[in-house]
Amino acid sequence: MTVVQTNAERPARLRPGLFERFSSMSKVDLLTRILVVAATLALLAYILLPVYWMVKSSFQTNGEIRALPPAWIPQDWTWQPYLNANRLIPLWRYVMNSLFVSGTAALLSTIIACSAAYVLGRFRFPGATLILGLILLTNLIPAITRVFPIYFFIQNLNLLNSYVGLIFAYVGFSLPFAVLMLRGYFETAAPAELEEAAMIDGCGHFEAFWRVILPVCLPGIAAVAIFTFLNAWNDFLWASLLLNQGEMKTIQVGIGDFAQEGGSVQYVNAYMAACVVATVPALVVFVFVQRWLVGGLTAGSVKT
Amino acid sequence: MTRQKYIFCYLMLAPALLVTAALGIYPMLYSLWMSFVEFDLLRVNQFGTPFVGIDNYLAVFADPRFVQTVLNTVLFTAFSVAGVLVFGLLLSQILNGKYRGRTALRMLVSVPWFVPPAVASAIWMWLLNTDRSPINFLLQDMGLITSNIRFLSDSTTWGPLSIPMFSIIAVRVWNGLPFAIIFILAALQSIPASLYEAAEVDGANLWQKFWYVTLPQLRPVLSILTLLLVIGGLGSFEINYIMTGGGPQNLTNIMAVYSYQQAFSFFRFDLASAASGVIFIMTGFISVFYLRSQFNKGTR
């Protein structure tokens with residue numbers, strides 16, 4: 001196909017080349033396109049600059065980070081801030097705390113959510129809609145509206161500043177989300193014929209669920225577990241209330257407190273290094289679940 | 001057989017129901033109750049928690065700081081939702097095209113998503129540091145400003161708006177944008193190509209195709225997204241709490257932060273609950289609206 005061909009002669013199915021696309025474009029479209037590209041570049045700068053600035057600052061020396069004007073590219077790359085961060089605050093301990101608390105909470109809430117999501121997605125029974133509505137409502141209404149009673153509740157159980165108390169709160173906090181996501185997943189990934197066949201073979205309801213449905217749905221369940229893990233990992237509000245003492249803090253609260261302990265003034269590079277460390281596990285996990293994002297998110301809307 | 005099925009259903013639901021009731025529904029109702037009694041932690045041992053009706057609500061609304069906070073919250077939500085929607089629509093259009101490097105671009109754009117809010121606040125605080133912000137140096141080099149912008153501490157106001165408010169909104173939009181993009185992108189991909197072909201036959205330009213084909217097709221998704229973003233915005237806490245703590249001079253205070261401070265700085269759990277009660281009423285209203293639309297969709 002040559003460039004000189006006019007639009008009318010062009011076979012409809014062939015995709016036009018780049019040059020032709022621009023030359024055949026009306027002036028309005030060309031202008032729109034230029035504006036859109038310019039806006040996109042500006043937005044990309046907005047999205048990436050903070051991340052770049054964090055990573056860059058975490059590799060700069062103490063002297064360099066104080067220099068004016070600020071350097072866009074570090075002159076001598078150094079690991080020192082990472083070592084300093086771990087000296088100034090128990091960084092690795094915080095990361096381990098977070099891993100432990102978020103991991104346990106994710107495991108527990110996924111197990112509880114699995115069984116609930118399955119019956120809510122598969123069976124019709126009195127009260128099903130009401131229960132689903134309540135779960136959705138709990139998922140929607142912001143956490144701040146239930147923070148104080150839960151704080152007293154955990155306090156009365158003598159679980160303030162313990163891992164158990166925080167894990168407990170996280171299970172309650174991520175359960176509705178997990179139920180909604182899994183419910184959507186069970187509906188699409190496991191056709192009802194599957195357990196009908198199993199029940200003809202003599203399985204009970206629970207056996208059909210346990211032996212047939214769960215294994216089929218394992219990838220989705222894993223994705224939901226990872227999501228609930230991420231939710232707990234990212235949380236600041238609950239952790240700052242329920243577990244804010246000494247070495248048991250989660251990494252988010254550790255970073256929040258680091259700001260007051262000189263992180264924002266004296267030790268900015270170490271502070272940024274701590275931020276990188278707090279982001280990397282989420283990043284790794286995120287790369288794994290990226291494929292499930294769309295389905296999982298849209299499953300949150302009820303499809304009765 | 002049916003009875004057996006019901007028993008199975010309720011047994012499977014029991015743990016989830018217990019957790020939702022104990023850590024979801026009950027605390028919400030308890031919090032509402034706290035907003036109708038006197039609950040001053042420093043006086044509670046001596047005076048208990050007598051019922052005071054709507055006095056707590058009257059008290060918080062008589063506090064000019066709270067009134068300003070409500071206004072701030074509404075503006076914060078409106079601006080951040082608008083920002084997320086406009087930027088999200090634009091970027092998802094770009095990401096929906098077919099060209100090399102699209103996957104890489106998608107990854108780059110979703111970067112802020114896995115930055116935890118506490119970290120997002122920390123890195124933006126450093127990026128917006130008055131004396132060392134690269135943005136200030138860039139603007140000075142271009143000759144647009146003569147003195148550094150105090151992004152988080154300038155208390156000059158234009159009505160309820162101020163520079164710190166816009167900085168906070170920028171961080172919120174930054175953190176929330178990837179979610180919106182992924183959401184819109186999924187919807188964009190389900191628009192049938194034949195609609196665009198038909199528009200092309202009619203001689204529509206890009207802008208008209210967007211306005212008459214894309215937007216109407218996206219409407220259901222955009223309305224759900226807007227509801228979710230508004231609810232999230234009204235209850236937003238971390239960024240404002242960490243970055244400014246509501247300051248300077250209450251300019252960036254929002255309801256969740258006000259509520260938290262009433263409770264854990266002044267031990268007035270009744271006033272805190274009244275403030276969070278206002279959030280509950282606003283978001284509850286929107287949620288019911290949302291639930292109704294969702295359930296209606298199913299029965300149609």
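A short tour follows, one topic at a time.

Q: What kind of model is this?
A: This is a predicted model.

Q: Okay, chain B. What is its secondary structure?
A: Chain B comes to 13 helices and two strands.

Q: And what does its C-alpha trace span?
A: About 75 × 75 × 30 Å along the principal axes.

Q: How much of chain B is buried?
A: Buried residues are 41% of its 300 residues.

Q: What share of its contacts join residues 24 or more positions apart?
A: Among contacts in chain B with a separation of 6 or more, such pairs account for 66%.

Q: Now the interface. How many residues of chain B are in contact with chain A?
A: 76 residues of chain B, and they meet 79 residues of chain A.

Q: Which part of chain B gives the largest share of that side?
A: Helix H1 of chain B, residues 2-34. It supplies 20 residues of the side that touches chain A.

Q: What classes of residue are on that side of chain B?
A: There are 60 nonpolar, 13 polar and three charged residues.

Q: Back to H1(B). How does it cross H6(A)?
A: H6(A) covers residues 128-140 of chain A. The two axes come within 11 Å and cross at roughly 45°. The helices are therefore oblique to each other. The crossing is left-handed.

Q: Which residues meet there?
A: From H6(A), A:Ile131, A:Leu134, A:Ile135 and A:Thr138. From H1(B), B:Leu13, B:Leu17, B:Thr20, B:Gly24 and B:Ile25. By class, that contact has six nonpolar, three polar and no charged residues.

Q: New topic: the backbone. Where is the cis peptide bond in chain B?
A: It joins B:Gly247 and B:Pro248, with omega about -10°. B:Pro248 is in the loop between helix H11 (238-243) and helix H12 (255-264) of chain B.

Q: What about B:Gln249? What is its phi?
A: Near 50°, a positive value in a residue other than glycine. B:Gln249 is also placed in the loop between H11 and H12 of chain B.

Q: Why does B:Gln249 count as partly exposed?
A: Because B:Gln249 has 14 other C-beta atoms within 10 Å. A residue is buried at 20 or more and exposed at 12 or fewer.

Q: And over in chain A, what is phi of A:Asn161?
A: Near 55°, again positive in a residue other than glycine. A:Asn161 is in the loop between helix H7 (147-156) and helix H8 (163-189) of chain A. With 16 C-beta neighbours inside 10 Å, A:Asn161 counts as partly exposed.

Technical notes: Residues are numbered from 1 along each chain as its sequence is written. Chains are lettered from A and ligands numbered from 1 in the order in which they are written. This is a predicted model: local features need pLDDT of at least 70, side-chain atom pairs count only at pLDDT 80 or more; totals for chains, interfaces and linings use all residues. Two residues are in contact if their C-beta atoms, placed from the backbone, lie within 7 Å. Helices (H or I, at least four residues) and strands (E, at least two) are DSSP runs, numbered from the N terminus. Ala, Val, Leu, Ile, Met, Phe, Trp, Tyr, Cys and Pro count as nonpolar, Asp, Glu, Lys and Arg as charged, and the others, Gly among them, as polar. Axes are lines fitted to C-alpha atoms, for helices over the stretch in contact, and angles run from 0 to 180 degrees between N-to-C directions. Angles under 35 degrees count as roughly parallel, over 145 as roughly antiparallel, 65 to 115 as roughly perpendicular and the rest as oblique. A crossing is left-handed if the near helix is turned anticlockwise from the far one by less than a right angle, and right-handed if clockwise.
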